[in-house]
Amino acid sequence: MKKVPMRKCIGCNVSKPKRELYRIVRDKEGNMHFDPTGRKNGRGAYTCPNLDCVDMMRKARKLEKEFKVHIDNEVYDRLVEEIKEYIEKHGGGAIGQ
Ligand SMILES: [Zn+2]
């Protein structure tokens with residue numbers, strides 16, 4: 001059996017298979033993007049595909065802890081919006097990859 005890569009959700013701190021999580025990527029210019037394909041270059045942080053974990057990530061400023069940089073509220077707002085939009089369109093759940 002192939003080993004499934006596991007990642008920890010920064011919202012609820014539960015480890016899950018990487019492809020069941022949403023990825024947020026920080027590129028080398030320091031820009032943060034929601035990365036639904038999981039394939040963008042940069043350092044990644046992961047969250048469960050549900051709004052509870054996304055809200056928790058925002059409230060507890062988990063991305064700052066993960067990437068060890070200051071992140072503006074607008075950046076959090078934009079990421080949360082992008083993820084919410086994606087969940088609305090795709091109904092959440094695993095990412096097809
Ligand atoms: Zn979670």
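Reader: What is the phi of R61, the residue following α1?
Author: This is a predicted model, in which local features need pLDDT of at least 70 and side-chain atom pairs pLDDT 80 or more, while totals for chains, interfaces and linings use all residues. Residues are numbered from 1 along each chain as its sequence is written, and side-chain values use heavy atoms, without hydrogens and water. Helices (DSSP runs of H or I, at least four residues) and strands (E, at least two) are numbered from the N terminus. R61 comes after α1 with a positive phi, near 50°.

Reader: Which residues of α1 are buried?
Author: Buried means under 20% relative accessible area, exposed over 50% and partly exposed in between, with a 1.4 Å probe and protein chains only. On the other side of α1, D52 and K59 are exposed. The buried residues of this helix are C53, V54 and M57.

Reader: Within what arc do the buried residues of α1 fall?
Author: The buried set is C53, V54 and M57. Looking down the axis of α1, and taking directions from the axis to the C-beta atoms, these residues line one face of the helix because they fall within an arc of 100°.

Reader: Which atoms are the protein donors of the zinc ion, and what is their arrangement?
Author: Donors are N, O and S atoms within 2.8 Å of the metal (3.2 Å for Na, K and Ca). Here they are the SG atoms of C9, C12, C48 and C53, lying 2.2 to 2.3 Å from the zinc ion. Their angles run from 104 to 112°; with four donors and all angles between 85 and 135 degrees as the criterion, the arrangement is therefore tetrahedral.

Reader: How many residues apart in sequence are C12 and C53?
Author: The zinc donors follow the spacing C-x2-C-x35-C-x4-C along the chain. C12 lies in the loop between β1 (6-8) and β2 (15-17), whereas C53 is in α1 (residues 51-59), so the pair ties together parts whose separation is 41 residues.

Reader: What is the relative accessibility of C12, and what is that of C53?
Author: C12 counts as partly exposed, at 30%. C53 is buried, at 5%.

Reader: What kind of aromatic pair do F34 and Y86 form?
Author: Rings of Phe, Tyr and Trp (its six-membered ring) pair if their centres lie within 6.5 Å, with planes under 30 degrees apart counted as stacked, over 60 as edge-to-face and the rest as tilted. Y22 and F34 form a tilted pair, 5.3 Å centre to centre with 55° between the planes. For F34 and Y86 the centres are 5.4 Å apart and the planes at 80°, so this pair is edge-to-face.

Methods: Tetrahedral: all angles 85-135°; square planar, octahedral: opposite > 155°, others 65-115°.
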